[in-house]
Amino acid sequence: MRGQSGKAAWAVLAVVAAVAVPQTGWWDTNHTVFAQAVISGLLIGGVYSLVAMGLSLVFGVLDIINFAHGALMTVAIYASYLLFMNYGVDPYVSLLITVPLMFIIGVGIQRVAINPVMDAPVHNQLLLTLGIAIIIQNLALVLFTGTPRSIELAYARNEFDLGVITLDFPLRVFGAVVSLPKLIAFVVALLLAGLLYLLIQRTQLGAAIRASAQEPEGAELVGIDVHRIYTITFGIGAACVGAAGALVLPFLFVSPTAGDTFTIIAFVVVVLGGMGSIPGALIGGLVIGLTQELTQLFVPGSKFLGVFVVFLAVLFFRPEGILGRVRR
Amino acid sequence: MIVRLRQLAAASSRDLLVLLAVVAALALVPLGVSTFTLSVATAALIFALAGIGWNVLSGFAGQFSFGHAAYFGLGAYTVAVTFTRYSISPWLGLVLGGLVAATFGLLTGWISFRFGLKGAYFALATFALAELLRLTFNNFDFVGASIGITIPLAGGDSWGSLQFEDTPALRYFVALGLVALGTLIVIAVTKSRLGSRMLAVREDEDAAASLGINPLRAKLFAIAISGFITALAGGYYAMFLMFVDSDLAFGPSISVLILLRPIIGGVGTIWGPVLGAGILSVLGEVTRSLVRDPPSFLNAIEGVNGLDQVLFGLILVVVIIRAPDGVIGWFRRFRSRSIT
Amino acid sequence: MRRTTIYLSLLLSLALVAAACGDDDAGTTTTAAAESPATTAAAAAATTQAPATTQAASTEPPDPILIGSLHPLTGGLAGAGNRMDNAARMAVDEINAAGGIASLGGAPLELASADSTGAADVGASEAERLINDGVSAFIGTYQSAVTTLVAAIAERDGVPLVIDVAVADSILDEGFANVFRIQPNASSMGANGAKFLNELGGGNIKTVAYLHDDTSFGVEVSAAFAAAAGQYGIEVITDIPYAPFSVTDLTTEMAQAAAGSPDVIVVTGYYNDGLLAARAATDLEVDVMAIVGIAQGAFHTPQFVEDFGAESELFFNSNYHFNSSDPKVAAVLAKFEAEFDDAMDTEAMLAYQAIYVIADALERAGSSDPADVRAALATTDITDHFLAYPGPITFDATGENINAEPVLMQVIDGEVQQVFPLPLRETDPVFPGTPWGG
């Protein structure tokens, strides 16, 4: 099973590479652009992974299509922005606030709105989360106006002397550029992914979450309060976008619709990686990041065309995802 | 099961009577309302029709589609392209659009169902397909790419080119006729053996298969009929707006608009989409006017843009929690509760 | 029995629909007339004199004239849409404070705001609502696709539409009699952009890489530029479209644009994507003579300078602009900022201007009938306007503003300065000029 998953992962990467690997002559003139596409893809892919992990948990454990995921991210971006503007809190420090804040908001939303529809048909759940997204989006519009806002980190283009090596941002790697905010977002996203993985795999709470996802009735029998686990899981899902929101603020912008793009991307990643799978979401995010940037190279202006093609291919041919288990 | 089918068959004559009554009632709308109101009502009917189509696949056959904009858009583009490029009458264009959409539904449905997609996965696949069409049409010069297609005015009323610039009531009546046609198809389907097969597949695919029903065929029939009806709506919407572009045809918001009506009205019911369309139109007007021109004690909210949407979202959330079977389901439960 | 009840309730709710729809004049904003000092004073006078019945009739203020304002007030473009709506409201308040429309007995204006939500079909429906509510004319709509549909409705119903912002040439191609446009169209944007590049580089700019949004806005402007550039010997060597509303990063796109070593990178698009493009160019330190926006929504705005800080230095943009050397304009900007706590951009100024254009037509028409307003609009000749145009606002037979031209601006020392054409120049451009000293 594991070997097969690995093979599938490589197969997807190979397909991407096959599309990407150019005809002779092309490489000489375009290797910088190619390097840029790969690096940009990986960097944004790390953020996609983080966003998708939260969604994957919610999808895998609660079996809910949460279309408010991106809207929750918008809340986090605003929170980080307001902390920065009003109290001068560095966006990365604001993680310490946005993550628990979004956890609490997630718990509240699950209790009030999601719990009553846990057994409802898919379309009701989807429409409900869409309703929540509409509310969040337009509350943001009422409270903060629609004017997009953004911040620039004072130290984004500084030189950092790390003793052994001096890093002059933005870094140059194979002629491609790596900006500090994107690098931090990428690294922190990976760290958080690792933490989340440990939480799910190595803790009692994680065991309870896994049990609730696989055998809700069985979990109930062994004394797990499945509804409480659902609530906590939704909270963790929201906490993931709480982190992602603070991480993207320095290189994106904030507006009432800023997080929306991430919803669809996250669904693609979740399906690609297999629902409920943290490593799957991680790999899926990177693959989708790469796919979108490499598609841009060869079909300019159609980033998401490639993304949806990969998405459908996975849906049809490997619906359990790259690393996912077979669906119930 | 069998008893249920008999009931359905018996009810169909009543359904036809109700259809007649509803059409007669709705035919009175153009009397004494403004052109604007008539336009709103026409658009509401068009989306009701799209919802009727959605309901066949997602309500009766139980395969939740989150990408019905695909069929809507194929209908819209077929009418616009055949009319502007080949001077084909929109009437024929509507039928062609329906066939194109039905074919698209059969092809993609066959792949999806063959690979066992269901539930959330099927929904996401339909969403992705609609998005693929949107992105493709947005970059495809033959269909106007990002600029879209403007349908030229024929001048005045013309039944042949399905344009009623002078008499908006005719535009409305055509929409009403299409809704009646869509409803007729649905009544016929639910009454037929095909319909009972769909219902059986919806309730329990394995059990249906053990009864000798081919689930794949039932679902494919559903998707083709569903796509056809929704494409009629899309095609007529193109004539209604005299314009189509990739966002209006295939946008995710179109998919949401389509499924919103039947879900609010009642999924898998004959009248859910029409009822939902009526309720949503009224609801939209009420929330909008509440924010534009609030009662005096709410003066603070006047002109606060977005608040009507917040209110709309709240109502949506409450309705889904409180009336998960839509308004018709809610009535039914209310009835059975008051009887006992 | 059960079914019958359902059907009865169904019919009842349908009747409700009809009833609710019949109530036609719900949903009109009345803030403008109510807030205006002139009218409140008049209203107060009217109430105090009410008991003395004989005088009431003569002092009664004339009926307000309804003007529509149709913009995306919710959705992804709500920022720009609300600023434009606010600016229109400010103009209406000013006109009312100054005594309303004199030729109509001092009738005040009343602004009816409508929300297109950024969707063409909603915009069309809202245009019908405004017309149904009885507007004498209306302004809008910020987006070309929405304006295309709205213009057709204005023409059909014979109610004049003054386009504040919407660039596509095709909107006026149909020969509509009731549609007028204040801003330069795509052809003008593209042609003038090419002309400015030629003047700026003194003929040294030969190759251009073009990065633009893939909506009709970016597609039309970039095509118009490419068509006009040839006569100056400028060639577009790379054309990179991107989807503006879902984009989160433009580094790869910018690298693609820079790959062919163009002399200049040209960018067309909205605000958010413009900011991302500027960030990408700065990170990459692209080796070009300049980054030049053409009809770019960010590079010439005070917000861009505020958001992007010192990195915004030396970016060019050829776009419509308010006349920043005019003290009257400075006063309007200051007033807007004080009133709405938001920097006024040129889009908002165009909406503000559009209201004054309609007020001027009403004044000359001496009638609020849409047909009369249309006739008066056709003979508009406003020299005392707020925009950086080479001449008065005056419309040709198709409804285009003859003097609508963009200006080339550059961010210099944290200020957006006009550098071309020469009559409007505030300071000399820095060229070649990129913040990273390319």
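Helices (H or I, at least four residues) and strands (E, at least two) are DSSP runs, numbered from the N terminus. The structure is a predicted model, in which local features need pLDDT of at least 70 and side-chain atom pairs count only at pLDDT 80 or more, whereas totals for chains, interfaces and linings use all residues. Residues are numbered from 1 along each chain as its sequence is written, and chains are lettered from A and ligands numbered from 1 in the order in which they are written.

**Exercise 1. Positive phi**

Locate S87(B) and D341(C) relative to the helices of their chains, and decide whether each is buried or exposed.

Solution. Start with the position: S87(B) sits in the loop between helix 3 (69-86) and helix 4 (90-114) of chain B, and its phi is near 50 degrees, a positive value in a residue other than glycine. For burial, count other C-beta atoms, placed from the backbone, within 10 Å of the residue's own: 20 or more make it buried, 12 or fewer exposed, and a count in between partly exposed. S87(B) has 8 C-beta neighbours inside 10 Å and therefore counts as exposed. Then turn to D341(C), which belongs to the loop between helix 13 (327-340) and helix 14 (346-365) of chain C; its phi, near 55 degrees, is a positive value in a residue other than glycine. D341(C) is exposed because 8 other C-beta atoms lie within 10 Å.

**Exercise 2. A helix pair in chain C**

Describe how helix 10 (residues 251-259) and helix 11 (residues 271-284) of chain C cross, and which residues meet.

Solution. First take the axes, which are lines fitted to C-alpha atoms, for helices over the stretch in contact, with angles running from 0 to 180 degrees between N-to-C directions. The two axes come within 8 Å and cross at roughly 60 degrees. Next classify the angle: under 35 degrees counts as roughly parallel, over 145 as roughly antiparallel, 65 to 115 as roughly perpendicular and the rest as oblique. Helix 10 of chain C and helix 11 of chain C are therefore oblique to each other. Finally list the contacts, for which C-beta atoms, placed from the backbone, must lie within 7 Å: T251(C), M254(C), A255(C) and A258(C) in helix 10 meet A277(C), A280(C), A281(C), D283(C) and L284(C) in helix 11.

**Exercise 3. Where chain A touches chain B**

State how many residues each chain gives to the contact, and which helix of chain A supplies the largest share.

Solution. The contact takes 32 residues from chain A and 35 residues from chain B. On the side of chain A, helix 5 (122-144), helix 10 (260-273) and helix 12 (303-317) each supply at least two residues, and the largest share, 15 residues, comes from helix 5 of chain A.

Key:
Contact = placed C-beta atoms within 7 Å.
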